[in-house]
Amino acid sequence: MRRAGAVAGLSEAGPGSLTPAATLSTFTFTYRSLLAAFPHMKKRVLIISTSAGTGHVRAAQALEKEFKSDPRVGEVIHEDALKFTNKIFREFYSTLYMKLVRSAPDLLGWVYKASDEPWKGEAARLQLDRLNTMKLIRFIKDFDPHITVCTHFMPAGIISHLQETEKLQTNHSIVVTDFDCHAMWLSRMFQRYFVALDETKAHLEALGLPAQRITVSGIPIDPIFSQPVDRALVRASYGLHPEKTTLLLSAGALGVGPTELIVERLKHLHHDAQTIVVCGRSEEVKQRVTQAAAGQAGKFCILGYSDRMHELMHISDLFIGKPGGLTTSEALACGLPMAVFSPIPGQEERNADHLLEEGAGIRCNELTTLPFKIDRLLGDPARLGAMRAAAKAMGHPDAARTVVQTLLEDHLPPLTLGSEQREAIALAAARTPANG
């Protein structure tokens with residue numbers, strides 16, 4: 001450990017009958033005292049993601065970039081928690097998840113709903129996580145960060161346990177990377193939650209978390225998505241018509257989804273539109289898409305993986321793809337309406353619900369009706385313009401900056417949820433209609 005002293009673990013009055021709790025230890029300095037004594041001390045920041053999908057990692061990368069640009073920060077490290085685990089545990093969290101996305105999405109939806117109860121199965125899950133992340137725990141304790149930010153619930157649970165057992169003192173905050181907050185994101189000890197929507201904050205408040213501990217920041221994305229581009233120039237660089245309606249079809253970074261089938265359906269559009277197809281890292285997907293688009297000169301621009309999504313979103317008029325938390329946040333930051341297809345049951349369906357409710361997207365449940373729905377939208381410029389405005393209003397292009405500035409200026413001590421508070425949260429969740 002690099003630092004001496006202890007963090008004062010204080011609960012606070014508020015919804016859910018949160019009451020004062022004892023300090024974590026009897027060391028001399030409290031967290032507030034340390035900050036007061038060393039106000040100009042450069043901070044060590046640890047950001048922990050998990051490579052189950054790509055969104056958690058991308059959010060962490062956006063935060064890493066923002067922290068590194070702030071002179072109050074001395075050192076920033078971003079690590080994937082699964083890097084420190086064994087192969088079996090890694091495959092359970094990452095590989096199995098992707099296999100289920102491809103082959104059994106309904107099972108994922110069932111698991112999402114069944115596990116969306118605060119503290120359900122928590123003891124066994126956290127014990128399994130700790131047993132398989134001992135290298136990560138040693139790394140965290142050795143780095144001894146002043147600020148820790150988790151973009152996945154697994155490392156958040158580990159940090160919380162280290163704080164509870166007085167093995168780590170850190171400002172521990174949690175960034176939720178979907179629009180809704182699933183119960184697994186709840187931690188026993190933390191400083192602050194960062195969420196995507198006012199509604200998500202209202203949900204956590206209703207469960208009993210203090211309002212001042214919840215910041216509606218949006219989901220962190222790379223700041224580059226907020227930078228405008230020269231649409232005509234960028235379109236020309238991809239060989240696109242400078243004025244023609246442009247659709248952006250994304251298979252995601254991993255190339256998941258029936259992309260070539262969507263290309264087949266887009267060939268039946270009545271409107272004269274051009275479509276950029278981003279196939280991700282899968283060469284097989286790109287080959288199938290290329291074959292599907294054969295004989296359609298000027299209609300399709302087919303790409304593999306692209307690190308220029310900010311440009312592609314800014315030059316497009318409609319995004320077609322899955323509503324992952326990060327992808328959706330990037331599109332909204334660009335003011336780009338979405339046509340959603342095949343959302344993963346659970347978190348992506350919840351994300352899609354918010355888009356539809358705010359008027360920033362449409363949903364295509366059947367690929368057979370995709371050209372009909374897009375043609376109808378393109379034939380109504382006023383509706384498309386309203387969707388573009390709604391997308392812009394939902395966007396949080398400066399989410400990463402909001403998180404970083406809040407944490408660097410935050411003097412709140414840790415909040416501990418004792419057994420009574422956790423029971424109150426579980427009871428509040430059980431009374432909601434979604435849980436019967």
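This is a predicted model: local features need pLDDT of at least 70, side-chain atom pairs count only at pLDDT 80 or more; totals for chains, interfaces and linings use all residues.
# Questions on Surface and Interior

Guide: K87 sits in helix α3.

Visitor: Why is K87 called exposed?

Guide: The relative accessible area of K87 is 55%. Exposed means over 50%, so K87, at 55%, is classed as exposed.

Visitor: Which residues gather with K87 in a patch of positive charge?

Guide: The patch on the surface consists of K87, R90, K135 and R138. At least two of its residues are supplied by each of α3 (87–103) and α6.

Visitor: Which residues form the patch of negative charge?

Guide: E199, D353, E357 and E358 gather on the surface in that patch. Helix α14 (residues 347–358) contributes the largest share, three residues, and D353 lies in this helix.

Visitor: Why is D353 called partly exposed?

Guide: Its relative accessible area is 41%. Buried means under 20% and exposed over 50%, with partly exposed in between; D353, at 41%, therefore counts as partly exposed.

Visitor: Which residues form the nonpolar patch?

Guide: L107, W110 and V111 form this patch on the surface, and together they have about 320 Å² of accessible area. V111 belongs to helix α4. The relative accessibility of V111 is 38%, which lies between 20% and 50%, so V111 is partly exposed.

Visitor: How do you know that the side chains of D410 and R192 meet in a salt bridge?

Guide: The distance from N to O is 3.0 Å. A salt bridge requires a side-chain nitrogen of Lys or Arg within 4 Å of a carboxyl oxygen of Asp or Glu, so the pair D410 and R192, at 3.0 Å, qualifies. The pair links distant parts of the chain, 218 residues apart: D410 is in the loop between α17 (399–408) and β14 (415–416), and R192 is in strand β6 (residues 192–195). Both D410 and R192 are buried.

Visitor: How many salt bridges does this rule give?

Guide: The count comes to 23 salt bridges.

Visitor: What makes K267 and E264 a salt bridge, and how accessible are they?

Guide: Their side chains meet at 3.1 Å, N to O. The limit is 4 Å, so this pair is a salt bridge. K267 has 29% relative accessibility and is partly exposed; E264 has 34% and is also partly exposed.

Visitor: Are E311 and R308, which form a salt bridge, buried or partly exposed?

Guide: The closest N and O atoms of E311 and R308 are 2.9 Å apart. E311 has 14% relative accessibility, under 20%, and so counts as buried. R308 has 36% and therefore counts as partly exposed.

Visitor: Why is N132 called buried?

Guide: N132 is placed in the loop between α5 (122–131) and α6 (134–143). Its relative accessibility is 19%. Buried means under 20%, so N132 is buried. A polar atom of the N132 side chain lies 2.8 Å from the backbone oxygen of L128.

Visitor: Which phi does S342 have, and is S342 buried or partly exposed?

Guide: S342, which is not a glycine either, has a positive phi of about 45°. Its place is the loop between β12 (338–341) and α14. With a relative accessible area of 41%, between 20% and 50%, S342 is therefore partly exposed.

Visitor: How do you know that P145 is buried?

Guide: P145 has 0% relative accessibility, and buried means under 20%, so P145 is buried. P145 is found in the loop between α6 and β3 (147–150). P145 and I77 are 68 residues apart in sequence, and their C-alpha atoms are 9.4 Å apart in space.

Definitions and conventions
Residues are numbered from 1 along each chain as its sequence is written. Side-chain values use heavy atoms; hydrogens and water are left out. Patches are made of residues with over 30% relative accessible area and no salt bridge: like charges are joined within 9 Å, nonpolar side chains (Val, Leu, Ile, Met, Phe, Trp, Tyr) within 5 Å. Accessible areas come from the Shrake-Rupley method with a 1.4 Å probe; for residues, only the protein chains shown count as cover. Lys and Arg count as positive and Asp and Glu as negative; His and the chain ends are not counted. The place of a charge is taken as NZ of Lys, CZ of Arg, CG of Asp or CD of Glu. Helices (H or I, at least four residues) and strands (E, at least two) are DSSP runs, numbered from the N terminus. Buried means under 20% relative accessible area, exposed over 50%, partly exposed in between (1.4 Å probe, protein chains only). A polar contact is a pair of N or O atoms within 3.5 Å; within protein, one must be able to donate a hydrogen and the other to accept it, and residues adjacent in sequence count only if both atoms are side-chain atoms.
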